[in-house]
Each structure stands twice: as structure tokens, then as C-alpha cells.
Amino acid sequence: MSHHELDARRMLCPMPVIKTQNKIKELQDGDILDVICTDPGALSDIPAWARINGHEIVGHREVDDELIITVRVVI
Amino acid sequence: MTRKHKAVALISGGLDSLLAVRVMQEQGIEVEGINFYTGFCVEGHTHAIRNHDKDKQKRNNALWVAEQLGIKLHIVDVIEEYKEVLLNPKHGYGANMNPCLDCKIFMVKKAVEWVKENYDDGFDFIITGEVIGQRPMSQRKETMPIISNESGADDILLRPLCAKNLPETKPELEGWVDREKLFGFSGRNRKPQMALAEQYGFKDYATPAGGCCFLTDKKYSDKLVDLWKGRGTREYEMDDIMLLKVGRHIRPKPEFKLIIARDAGESKYLEGYRKQFITLHAVSHNGPLAMIDGDIDSDDFEFVAGIVARYGQGRDAEEVSVEFAMPDQDKKTLKIKPLSTDEVLKEWHV
Ligand code: SF4
């Protein structure tokens, strides 16, 4: 189990979702991924994508103007 | 034991693809969705930019549709490959810069390729929510076989909503699906689809007016054509696509245009481009951020400062200070008199 980070700053939806999806393809079951984004739309899109594909959203937090969404990979 | 047959569905986020999948699920077909992101899709981005759009729902309809249906959705970035479709469409454009027929062929073809790349033997056929006569350019009776043939999908492309008006496809001939339970929708009338949605209990589905992407929008298409004309070449990058959706675009001279933010959200968005473009804004008064796309001579700085000042609170002032920020150079401030409304010529507006 490892911890990863994805820089999706300044990308507009659905790019953060696409990047998350592609990154998760490389990860293992139980891995944690922090997606750092600036488009508030990601806050609805990434969880929706995770629900559909069976991954788990651990939580999200806002740091300055950035949004960090944490996903746990479920394979 | 007979295995469940599987189909991959092109999901745009609209009602038709939602229904097409549901019709298949009713027949016991297992479906996964695929959504292609060309960069021009109505889904996504702009809502993140403008203030007034903030209250609108921020959902991505393709994801929403997949969730309603309980299917997986794969979103595929086809921005680069799509350029060829948009720049050289074999079948031409629709009312605006939308190459719908080539686009459909491209997407079905990509779906065929995607299935081959990702699954050795998983999917049996492809479905779309196409309806004959729904769209004047791409969804006509004559275009349906063109899409099937040129995409290479041939008889494994099934359109559950209008299948009864079309020749039988492999899934029907093989008995994987019951043709009798498919539909024969045609024409622009959306009532049959709405009735079916009601029957299945779908509410709040998206009903995009023009099409699934910005290329069907006249204003957007005009800006794209202007961009190509200004640069003397028909090329674009992702940033260009985004910037065409932001701000007022004013081209006072052929070599450059100004993009002037319309609200604080857009100003903030344009700030992200400060390292790539010359930006300017009034400092003596409140006003929007603007950026210059193209080649500008420093002799024209006063002129463009006058235009930008016209869109800020200093529009009636005798003098406004405008600060220019150049990538990798010192900032520069000019004092100018804003142009009057009449001086900002109508034909400059893209
Ligand atoms: S509206 Fe846009 S995305 Fe939809 S078929 Fe036409 S060109 Fe393709």
C-alpha cells in the first residue's frame, strides 16, 4: 500500500477526472491517491467517477485555493 | 451455460444514450460506457470559470448518466487525435464548425479500437443513442450505414432507439437481443424519448439544445475561425480551446486580439496565463484583467490600454493608469484616456 499524489492544478473538468482514472490504472488495491486540483467542479466529478468505478473517497480538504481529494483505490 | 453478452455504449451525457443503455439492460445485456473528451465537449470546464455559472449544477452529465444506469464509465482523452477530425472532415461541417458525421465515425472507430486494446474478448457489440432524423447532419437514414462502415464497426453497431428502421445487425441476427423490443424512433420530435424516460423513471436528465459540443455554437465557431485567421494557420492547443470560452474577444488589429475578463472569476482564470501572455489591467480604478493573444508592437500599448480601460470603472475618467505585465520582463504602467463606447468599433468584436 503506498501513497501517491496527482497534480491536476489548473486543469478544468473533466481533465482531473481523466488524469485520476489513468493514474489509478497504475496503482494497486488499497493505495491512496491525493488529487490536487483547482477546478471546484472536480469536487463533484471525482467522487462521482469513484462511486461509479468502485473506488472510495477518503475525504477532501481545501488548502489556500487548492482542493485536495483523497481516493482509496479498490480493485 | 450461456454467458451474458456485453456491449460498450457511447455516452454523451444526454437522454438518448441514457435510454439506449437502459433498453439493453432490460434485455440482460451487460453494458459499460465510454465517453470521449475532444476538448470541445459541453460537459465540464466553463462552469469553473465564470462567477454567474457557479450556482448552476456542476455535475458532469456523462458521469451522472453512468451512475443512474449503474454502469462503469471510461472517459478517454482524444484531444490530439480529434484535431484531424475538426481540421479535415471528409464529410464537411454542419451549420457551424461542427464536423458531426466525421466526429461520429471517429468516436465509433475509437470505441472499436478501445475495446480491442483493453479487452481480449469481452465486448460483443457497440451501442449508441442515435436516432434517425434527430440531427440534420449526422443522424439521417443515409448516414447510419456510413458511420457503421467507415468506423469499421459494421454489423456490431446497434442503435437500440431506432434499430427497427435499420437493417438487422449481428446482435439481433444472433439473437443476443430481441429486435422486437427495440425501438423505431425517428425525427426531431423528442416526445417518444421523454415518454420512455418517464416509463423508466429517469428525471433531471440533461437536454442540451444544440449538440454535444461547443462547435455547434455559432459564436464559439466564429471565434475559432477568427483565431485561425489571426494566426494564419489552422492550429490549436488545449489552452486556445479554453480561452475561446473566456471573456470578450476583441480584435482591433489583424495581428492580435484582446481577451477581456467579464467578471472576477474570469479575471482569476486569465491570471493563470500571465507567464505565457502579456496581461494588463487598470490600477487606478477597478477593472477587468485582459490578455493579448498574438503579436503586438509596443507602439500599440497605449491603444489597447484605452480599450481595456473602457471596460473598467474608470471608463468615464480623464485618465486611467494601466499596468502591463510581460512574461519575464518588468511591469510597465501607462496613463491613458479610456476609449469611448463608439471608439471601440463593432467590427472588432469577435
Ligand atoms: S455536436 Fe460536436 S461532439 Fe457532437 S457529434 Fe457534432 S461535432 Fe461531435
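## How to read the model

This is a predicted model, in which local features need pLDDT of at least 70 and side-chain atom pairs count only at pLDDT 80 or more, while totals for chains, interfaces and linings use all residues. Residues are numbered from 1 along each chain as its sequence is written, chains are lettered from A and ligands numbered from 1 in the order in which they are written, and side-chain values use heavy atoms, leaving out hydrogens and water.

## Where the two chains meet

Let's start with the interface. Here 19 residues of chain A are in contact with 25 residues of chain B (contact means heavy atoms within 4.5 Å). The two chains bury about 1,800 Å² between them, with 61% of it on carbon and sulfur atoms; buried area is the accessible area (1.4 Å probe) that two parts lose on being put together, summed over both. In chain A, the residues that lose the most area to chain B are Arg10(A), Leu12(A) and Ile52(A), together 31% of what that side buries.

Five residue pairs are in polar contact across this interface, both residues being at pLDDT 80 or more. A polar contact is a pair of N or O atoms within 3.5 Å; within protein, one must be able to donate a hydrogen and the other to accept it, and residues adjacent in sequence count only if both atoms are side-chain atoms. On the side of chain A that touches chain B, there are ten nonpolar, four polar and five charged residues. Ala, Val, Leu, Ile, Met, Phe, Trp, Tyr, Cys and Pro count as nonpolar, Asp, Glu, Lys and Arg as charged, and the others, Gly among them, as polar.

## Around the ligand

Now for the ligand: the residues around it are Tyr82(B), Pro99(B), Cys100(B), Cys103(B), Cys212(B), Cys213(B) and Thr216(B), each with a heavy atom within 4 Å of it. This shell divides into six nonpolar, one polar and no charged residues.

## Salt bridges

A salt bridge is a side-chain nitrogen of Lys or Arg within 4 Å of a carboxyl oxygen of Asp or Glu. The whole structure has 25 of them over all chains, and two cross the interface of chain A and chain B. In one salt bridge, Asp65(A) meets Lys268(B) at 3.2 Å, N to O.

Another salt bridge pairs Asp240(B) with Arg231(B) at 2.8 Å, N to O. Asp240(B) is buried, at 9% relative accessible area, whereas Arg231(B) is partly exposed, at 36% (buried means under 20%, exposed over 50% and partly exposed in between, with a 1.4 Å probe and protein chains only). In chain A, a network of salt bridges links Asp7(A), Arg9(A) and Glu66(A).
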